[in-house]
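Hello,

Here is the structure we talked about, followed by some notes on how its parts pack together. Please have it open while you read.

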Amino acid sequence: MKLKFKKGLTLNIAGSVDASAKPIDVDVDSVAVCPDDYPGFIPKVAVKEGEAVAVGSPLLFDKKHPETKIVSPVTGSVKAIVRGERRKILRVEVDAGTEAGVQPHFDKPSDKASAKRFLAESGLLALMRQRPYDIVPSPEDTVRDIFVTAIDSAPLAFPLAAAGDFLFEKEDYEAGIAVLDIVSEGKVYFCHDMSWTLGALSGAETIEVEGRHPAGNVSVQIAAIKPVDKGDVVWTLDVLTLGRIGRTLRTGVFAAETVVAVTGPEVSEPCLIGAVIGARVAPLLAGRVADKGHSTRVVSGNLLTGTAIDVSDGYLRYPYRQLTVIAEGDDVDEFMGWASLSPSKMSESRSFPGHFLKRLFVPDTRLHGGRRAMIMSGQYESTLPMDILPEYLIKAILSHNIEEMEKLGIYEVAPEDFAAAEYVDTSKLPLQQIVRDGLDYLRKELE
């Protein structure tokens with residue numbers, strides 16, 4: 001089966017990693033896990049400061065489902081449990097070292113219950129998401145189907161399948177699919193693009209996907225293959241998580257390795273770095289950010305959905321595979337501001353010359369306009385290849401109209417699906433946050 005999406009968005013931004021690049025190994029001195037990266041997960045601390053932990057040792061567990069854990073990516077000791085207002089857990093930091101706690105060992109599952117228990121206790125379930133609501137899956141749910149994506153179509157993203165080639169083998173992927181097949185009541189779907197070279201995977205239905213961003217978003221793939229209806233629960237994950245499931249199953253030890261693409265116009269030499277999930281960012285960027293005399297912003301993730309972090313105390317954020325550095329733009333004095341017709345301005349609007357130029361652009365973080373009431377222009381539809389009406393869905397979310405949200409496809413979407421629409425939106429609305437708030441409101445009212 002092959003899917004080809006015509007709608008979407010392509011951002012020609014300078015600073016991509018060469019497709020032939022090989023990872024540079026960097027020593028990781030500290031890691032952290034941030035509960036905010038795991039929507040739907042209500043964190044409770046499982047360790048104390050100074051406590052020795054091993055790879056795979058639980059750091060946090062879910063208050064509602066205690067068997068679901070977030071585990072340590074390294075062996076060492078708990079450096080700090082950082083809290084914010086009202087003692088909210090912001091992150092748990094672990095210093096890498098030789099001192100280790102008890103090494104967890106995970107046995108091969110034999111039935112549905114043991115497979116779910118393996119995924120939950122190993123910390124791998126927390127790296128997955130479910131539809132509806134785009135949250136960490138519940139081990140109690142009956143899973144209709146499971147979707148695995150080997151595509152990352154976001155700006156400056158390194159091919160996901162190619163990154164997996166540095167970390168895992170085909171046997172790891174097929175071992176992971178065997179576990180998922182036990183859990184799923186239906187099928188395991190595996191979606192890939194032209195960068196995938198390992199062929200079909202045993203136990204999965206393989207689908208080739210072609211198109212512009214957000215073709216790599218799993219929601220788009222689900223909508224084209226087997227849409228989510230009310231009452232359905234499907235699980236989603238990327239190919240690196242699939243490899244981690246298989247490697248953890250084969251070795252009995254949590255597989256925390258990852259490949260991070262260091263990208264963006266402000267990076268002197270874009271490259272790949274071999275690290276672990278949640279690694280401290282400073283060593284990864286040391287000597288790699290160009291000094292151009294202006295302030296920069298470091299984003300953990302891509303420019304559309306990533307999280308801005310402070311390099312001095314920042315850590316890789318989920319999904320742990322990209323860092324992007326871009327100019328802040330707070331020192332720019334541009335004639336006519338956002339209305340400038342300079343050919344160096346990147347824009348999807350045909351009103352600007354840059355729209356017609358086949359070149360790489362160097363954008364910054366400026367909003368280029370002010371927030372205003374929504375304009376029903378059809379802009380959102382041009383970036384979202386799904387059979388929904390995104391503008392009407394956003395209005396239904398803002399009005400808390402549950403019935404309309406359900407009719408307009410709220411169960412099928414995640415905040416990341418509206419990232420491209422947020423970029424082209426002339427109203428400058430925070431669409432991703434609106435969708436996240438809508439999903440949380442719906443879950444609170446219906447569960």
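**Helix packing and the sheet**

Helices α2 and α5 cross in a right-handed way. Please keep in mind that this is a predicted model. Two packed helices are described by the angle between their axes and the distance between the axes. For α2 (residues 160–167) and α5 (residues 239–251), the angle is about 25° and the axes lie 9 Å apart. Angles under 35 degrees count as roughly parallel, and α2 and α5 are therefore roughly parallel to each other.

Which residues make the contact between the two helices? On the α2 side they are L160, A163, G164 and L167. On the α5 side they are V239, L240 and R247. Sorted by class, this contact of α2 with α5 has 5 nonpolar residues, 1 polar and 1 charged.

The next item is the sheet. Its 6 strands form an open sheet in the order β1-β13-β12-β11-β14-β10, and the pairing is mixed. At the edges are β1 (2–5) and β10 (129–131), each of which pairs on one side only. On average, neighbouring strands of the sheet are turned by 25° against each other, direction ignored.

Inside this order, β11 (residues 145–149) and β14 (residues 234–238) run parallel and are joined by 5 bridges. V148 has L237 in β14 as its bridge partner.

A helix also packs on the sheet: α4 (residues 218–225). Helix α4 touches β1, β10, β11, β12 (188–192), β13 (205–211) and β14. The direction of α4 makes about 120° with that of β1.

Regards

Note on methods. Residues numbered from 1 in each chain as written. Predicted model: local features only at pLDDT ≥ 70, side-chain atom pairs only at ≥ 80, totals over all residues. Heavy atoms only, no water. Axes fitted to C-alpha atoms, helices over the stretch in contact; angles between N-to-C directions. Helix = DSSP H or I, 4+ residues; strand = E, 2+ residues; numbered from the N terminus. Parallel < 35°, antiparallel > 145°, perpendicular 65-115°, else oblique. Left-handed = near helix turned anticlockwise from the far one by under 90°. Contact = heavy atoms within 4.5 Å. Nonpolar A, V, L, I, M, F, W, Y, C, P; charged D, E, K, R; others polar. Pairing = 2+ DSSP bridges.
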